[in-house]
Amino acid sequence: MTALPRPTALLCALVAAAALLPTAAPARATASLTFGPCPESVPTPPAPDRVECGRLTVPLDRKHPSGPSIEIAVSRVPASGTPAERRGILLVNPGGPGGSGLPYAVTKRAKLPANVRRSYDVIGFDPRGVGHSAPAGCGAMGGLFAAPGADPAPATPQAERSYLTSLRHLADDCAAGAGTRVLPYLSTEQTAYDMDAVRAALGEPRTSFLGVSYGTYLGAAYAARFPHRVGRMVLDSVVGPWDWYVFDVMQSRAMLRARDTFFGWTAAHAERFGLGGDAGAVRRSYLRVRQGLAARPVGGFGPAEFDRSVYRALGRTERWTGLADGLRGYLTDGSVAGLRPASAFDSPESRNYEAANRIVKCADGPGPTPREVVADVRRIRRADPQPVLTGMEASTCAYWHHRPERRTRLGGPAAPPVLLVASAHDPVTPIEGARQLRELLPGSRLVTLDDDYSHGVFASRGNACVDGAVAGYLVDGEVPAADVRCAGPGLPVPAAAAPST
């Protein structure tokens, strides 16, 4: 696969060309897609499976198909079954916005039930602005990558003003890095058109789709624009049909509930973790860690870095042991080794993810006002004086240089019934989002994993009930006659303590 141009150069060229866009243009012919070797970021599946990659040229703006274009990176792992078993293509998206889907065709497919692997060519792609598809950059992003970063939970009027200033600088940096003329087109709606271009280039009549987290929002947007092209669609860990900012606020409240559950779980295993014998004692231990890091960061690890680690850990219960051990490690010897993530937050991949995340969210609909941002921060802090606001990415849309007139359309009565999947206590995408989106997709069914507290369910949690219901739908094409409820695993058993050295 040929390397794409540098993001800044590519997008600057698009900006210059965009000034020459005609008011109308004829539709361009269906683009071709030729497969070959993949970049190093795509793992090689075990034989006899194989993965191949290609690039598809699409218009920057679908309303001007003869105007500036970009290239979308696509990967494919062919179906392993017989021709009679084949059901078509299954596009997959891992979430975000900002997640790279090119390797996901390999990594997610490896976890799919065997009958699904035999039935579908699994198709991954980097959405526009991400990875190998015209990657976006936002430079310093208002100091987001500073280490230690500023405290992301402002508690005083002065801190609130500084918080708003950082959001404004982040928006300015994205306008400068990506280009104000390009910002409107790095959107979910445009990516949905790219998905259909992939379908057409592959010569398929329908798009079957598996989207996780943000991928559910993308799938619902595709269903709104191409209902007659929807094959079998699975939306796992559903983002609700709200403005992104509203979703972020709801998620911040769900994170508080998840953290309270974590405190109680840690207390129930006091002999293992030594952080306190009840939830209140564990909370006090947690606050001692955060307050200590706010007063004196360790090796560039301060309150912002701590909150990011907590945010990530709360989303999957298998990470709770590591979080509790990390808290104990700091309280014991001042070390943050157990809290610091393995990958650097300021890596090129992370910088692209964070930039694309904000650009897409702010392109998808109207943002909040600065007054609303401050009011919601105060409201969340009244619920808990020490919230986790890491997921409030759409707050920067208050200062965005492009103001969309409408919200992205999702679902619609013309789309066929689809299958939604949710964990009962997922703090990243609360289950209410699945219930609300189902109202926009008549006839659809919801598969719920009860007594579960993690994000990502199908071919992820190892639940035979969920995996069987979803695989049956993907292979046979019929949604269940009614909603499905599956017994979940409950809270985890702590992993054994690492041996002392």
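This is a predicted model: local features need pLDDT of at least 70, side-chain atom pairs count only at pLDDT 80 or more; totals for chains, interfaces and linings use all residues.
Numbered along the chain, the bonded cysteines pair as 1-2, 3-4, 5-6, 7-8.

Select Cys38 and Cys53. Their sulfur atoms are 2.0 Å apart, forming a disulfide, and the link is right-handed, with 95 degrees about the S-S bond. Cys38 sits in the loop between helix H1 (7-18) and strand S1 (52-59), and Cys53 in S1, so the bond ties together parts 15 residues apart in sequence. Cys38 is partly exposed at 23% relative accessible area, whereas Cys53 is buried at 3%.

Go next to Cys362 and Cys397, another disulfide with its sulfur atoms 2.0 Å apart. The S-S torsion is about -90 degrees, so this link is left-handed. Cys362 belongs to helix H12 (residues 348-363) and Cys397 to the loop between H13 and strand S7 (419-423), 35 residues apart. Both Cys362 and Cys397 are buried.

Then pick Cys465 and Cys486, also a disulfide. Its torsion of about -65 degrees makes it left-handed. Cys465 lies in helix H15 (residues 464-476) and Cys486 in strand S9. Cys465 is partly exposed at 35%; Cys486 is buried at 1%.

Now show helices H4 (residues 157-178) and H13 (residues 370-383). Their axes come within 11 Å and cross at roughly 130 degrees, and the crossing is right-handed. The contact involves Glu160, Tyr163, Leu164 and Leu167 of H4 with Pro370, Val373, Val374, Val377 and Arg378 of H13. Seven of these residues are nonpolar, two are charged and none is polar.

Finish at Ala498, in the segment after strand S9 (484-486). Ala498 is exposed, with 67% relative accessible area.

Note on methods: Residues are numbered from 1 along each chain as its sequence is written. Side-chain values use heavy atoms; hydrogens and water are left out. Axes are lines fitted to C-alpha atoms, for helices over the stretch in contact, and angles run from 0 to 180 degrees between N-to-C directions. Helices (H or I, at least four residues) and strands (E, at least two) are DSSP runs, numbered from the N terminus. A crossing is left-handed if the near helix is turned anticlockwise from the far one by less than a right angle, and right-handed if clockwise. Contact means heavy atoms within 4.5 Å. Ala, Val, Leu, Ile, Met, Phe, Trp, Tyr, Cys and Pro count as nonpolar, Asp, Glu, Lys and Arg as charged, and the others, Gly among them, as polar. Buried means under 20% relative accessible area, exposed over 50%, partly exposed in between (1.4 Å probe, protein chains only). A disulfide is a pair of cysteine sulfur atoms within 2.5 Å.
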